[in-house]
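Please open the model in your viewer and keep the selection panel at hand. The tour moves from one selection to the next.

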Amino acid sequence: MPTKTSERWDIEGAALEKQLTDFGYQAILEYGDDDPEKQVEQIQGMVDQGVEFLIIAAIDNRSLGEVLASAKDNGVYIISYDRLILDTPDVDYYASFDNYQVGVLQAEHILQRLNVEEESGPFNVELFSGASDDSNSQYFFQGGLDTLERYTYDGTIRILSGQTEQGETSTERWSGAVAMERMTGLMEDYYEDERLDAVLCPYDGISRGVIYALEDWGLTPGSDDFPVITGQDAEALSIQLIRDGEGQTQTVFKDTRDLAGVASGMVKTIVGGSEPEVNDLGTYDNGFKFVPAFLLEPVSIDESNWQEELVDSEYLTEEEIDDAVEPQAEEYDPPRN
Ligand code: BGC
């Protein structure tokens, strides 16, 4: 798993470990602390210990070629988990969500909240994308861009910064601190005298960094002039903000328990001598091949359905939402801790 500063990896690391041990296998779980070299060392260490399967949520999707070649030489099956591993022939399967659809859901939320079918705007929107070394970022961003395109084309939506490329909108390490800094810069450069109506944010940690910057700028979360803010991962603190009307208005829930189930199920099927079920053969080109994938559906969450989707399904408890603190707090000094 890539890091502990984003809640989802914590939840699914534990889920994977449990499912695999329940199947009677031994599992080694390690976190790479967002450090690509550390992750390569961890994988090599596992190969040296004689593992037969690797389930990897990569930190840098392009840095694993060599270590995976050594794993393959040892007959290891390799499952690319959540994030597609690029530039290597040695990935056997990909277990993930429909990543493009994540961006579609975020952008649809913005269109709906701005009521673009009734109101002509123009509305000012800014865009954030995720870490540039994570292959998912491009799918999220493209889904968002394609959904907004009709409205940017006809002038209903304006992006005053003109920053619409992945490179210039990216947020290294998915860091809230990095996002906070970029948002502050955008406000200074383009919004001294203009209203900002929405910010496309690809991940809850980034959404909160953006919210902190807007609060510092003098805007009040929840007030009418606070922009619409999207997100992803249904992190407890972001659900608290959505529930309480405190700035973030949407997130995308990917039930990571199900994803862990898909990956551990792939292992079990291969151990049993069969081929795992896939439902996508033509989307995820990793530079060498289209990796056979099993994709799950993401769900858009706002104040109307968080309870049903997250609490009733036991993904989060009310207490976890009440008591949530900023998981990236050690990396910067967010005003809410
Ligand atoms: C995952 C997202 C997550 C992000 C930051 C992406 O690869 O698909 O669910 O928000 O990484 O950890």
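Predicted model: local features only at pLDDT ≥ 70, side-chain atom pairs only at ≥ 80, totals over all residues.

Residues are numbered from 1 along each chain as its sequence is written, and side-chain values use heavy atoms, with hydrogens and water left out.

**The ligand**

Select the ligand and the 13 residues around it, of which Arg8, Asp82, Arg83, Asp134 and Asp233 come nearest; a residue belongs here if one of its heavy atoms lies within 4 Å. By class this shell holds 4 nonpolar, 3 polar and 6 charged residues, where Ala, Val, Leu, Ile, Met, Phe, Trp, Tyr, Cys and Pro count as nonpolar, Asp, Glu, Lys and Arg as charged, and the others, Gly among them, as polar.

Next, show the side chains of Asp82, Asp233 and Trp9. An N or O atom in the side chain of Asp82 is 2.6 Å from an oxygen atom of the ligand, and for the side chain of Asp233 the corresponding distance to a ligand oxygen atom is 2.7 Å. A polar side-chain atom of Trp9 lies 3.1 Å from an oxygen atom of the ligand. Taken alone the ligand exposes 310 Å², of which the protein buries 99% (Shrake-Rupley method, 1.4 Å probe).

**The cavity**

The ligand takes up the space of the largest cavity, that is, more than half of its atoms lie within 2 Å of the grid points. On a 1 Å grid over the protein atoms alone, a cavity is a set of points where a 1.4 Å probe fits but cannot get out, a pocket is an open set with protein on both sides within 12 Å along at least five of seven lines, and lining residues have an atom within 4 Å of a point.

This cavity has a volume of about 170 Å³. Of its 18 lining residues, select Trp9, Arg83, Trp174, Tyr203 and Asp233, the closest to its centre. H1 and H5 each supply at least two lining residues.

Now move to the largest pocket, with a volume of about 740 Å³, and select Gln26, Ala27, Ile28, Val51 and Phe53, which are the closest to its centre among 28 lining residues. Its lining has 18 nonpolar, 7 polar and 3 charged residues.

Finally, select Ser223, Phe226, Pro227, Val228 and Thr249, which lie nearest the centre of the second largest pocket, whose volume is about 300 Å³.

Methods
Polar contact = N/O pair within 3.5 Å; in protein donor to acceptor, adjacent residues only side chain to side chain. Points joined across faces, edges and corners; volume = space filled by probe spheres on them. Helix = DSSP H or I, 4+ residues; strand = E, 2+ residues; numbered from the N terminus.
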